[in-house]
Amino acid sequence: MADDLFKALADPTRRIILDELTERSGQTLFEICSRLSMKHQLGISRQAVSQHLALLEAAGLVETRREGRYKFHDLNTAPLRQIAERWPIPDPSGPEKSTP
């Protein structure tokens with residue numbers, strides 16, 4: 001599991017971007033910037049949002065696709081499932097194992 005994933009999730013602005021992509025995947029940079037400004041009152045430049053998206057993409061949380069001159073950003077939750085699989089929650093009805 002890459003440290004990039006935890007680094008990406010550590011920043012509150014990147015978590016807000018992920019929340020927005022959860023609500024509506026397939027947004028352009030312009031749409032994401034507009035939603036951050038209008039809905040969350042974040043005064044953040046397009047360049048800063050673009051850098052956040054690049055880090056999220058490097059962590060595998062965002063995938064991009066081009067259609068003509070537009071670039072769309074989609075949420076990818078597969079890396080988050082890897083976290084859940086790495087540290088599963090024990091079954092409360094099962095027998096407890098003691099550690100020495």
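Visitor: Let's start simple: what percentage of the residues of the protein count as buried?
Guide: Of the 100 residues, 29% count as buried. Keep in mind as we go that this is a predicted model.

Visitor: Noted. How many helices and strands are there?
Guide: The secondary structure comes to 5 helices and 2 strands. Reading from the N terminus, the order of the elements is α-α-α-α-β-β-α. The radius of gyration is 17 Å, well over the 13 Å that the globule rule gives for 100 residues, so the protein is more spread out than a compact globule.

Visitor: What box do the C-alpha atoms fill?
Guide: Taken along the principal axes, the box is roughly 55 × 30 × 25 Å.

Visitor: And what share of the contacts comes from residues 24 or more positions apart?
Guide: They make up 53% of the contacts that have a separation of 6 or more.

Visitor: Okay, on to the strands. In which sense do S1 and S2 pair?
Guide: Strand S1, residues 62-67, pairs with S2 in the antiparallel sense, over 6 bridges. Glu67 has Tyr70 of S2 as its bridge partner, while Val62 stands opposite Leu75, also in S2.

Visitor: How many residues sit between the strands in that hairpin?
Guide: There are 2 residues between the strands, and Gly68 in this hairpin takes a positive phi near 65°.

Visitor: Which residue has a positive phi although it is not a glycine?
Guide: That would be Gln41, with a phi of about 55°. You'll find Gln41 in the loop between H3 and H4.

Visitor: Is Gln41 buried or exposed?
Guide: Gln41 counts as exposed, at 61% relative accessibility.

Visitor: Let's switch to pockets. How much space lies in the largest pocket?
Guide: About 190 Å³.

Visitor: Which residues line it?
Guide: The lining of the largest pocket consists of Thr28, Leu29, Phe30, Arg46, Ser50, Leu53, Ala54, Glu57, Thr64, Lys71 and His73. By class, that gives 4 nonpolar, 4 polar and 3 charged residues.

Visitor: Which elements each supply at least two residues of that lining?
Guide: Helix H3 (29-40), helix H4 (46-58) and strand S2 (70-75) each do. H4 gives the largest share, with 5 residues.

Visitor: Since we're on H4, what about His52? Buried or exposed?
Guide: His52, which is found in helix H4, has a relative accessible area of 14%; buried means under 20%, so His52 is buried.

Visitor: What is His52 in contact with, leaving aside its neighbours within four places in sequence?
Guide: The contacts of His52 are then Asp11, Thr13, Arg14, Ile17 and Ile44.

Visitor: What separates the C-alpha atoms of Glu31 and Ile83?
Guide: They are separated by 29 Å, with the two residues 52 apart along the chain.

Visitor: Where does Glu85 lie?
Guide: Glu85 is in helix H5, which covers residues 78-86. With a relative accessible area of 62%, Glu85 is exposed.

Visitor: One last stop, the start of the chain. Where is Ala2 found?
Guide: Ala2 is in the segment before helix H1 (3-10). At a relative accessible area of 43%, Ala2 is partly exposed.

Visitor: How far apart are Ala2 and Gly60 in space?
Guide: From C-alpha to C-alpha, Ala2 and Gly60 are 9.6 Å apart, and in sequence they are 58 residues apart.

Methods: Residues are numbered from 1 along each chain as its sequence is written. This is a predicted model: local features need pLDDT of at least 70, side-chain atom pairs count only at pLDDT 80 or more; totals for chains, interfaces and linings use all residues. Side-chain values use heavy atoms; hydrogens and water are left out. On a 1 Å grid over the protein atoms alone, a cavity is a set of points where a 1.4 Å probe fits but cannot get out, and a pocket is an open set with protein on both sides within 12 Å along at least five of seven lines; lining residues have an atom within 4 Å of a point. Grid points are joined across faces, edges and corners, and a volume is the space filled by probe spheres set on the points. Helices (H or I, at least four residues) and strands (E, at least two) are DSSP runs, numbered from the N terminus. Ala, Val, Leu, Ile, Met, Phe, Trp, Tyr, Cys and Pro count as nonpolar, Asp, Glu, Lys and Arg as charged, and the others, Gly among them, as polar. Two strands pair if DSSP finds at least two bridges between them. The radius of gyration is taken over C-alpha atoms; the globule rule is 2.2 Å times the number of residues to the power 0.38. Buried means under 20% relative accessible area, exposed over 50%, partly exposed in between (1.4 Å probe, protein chains only). Contact means heavy atoms within 4.5 Å.
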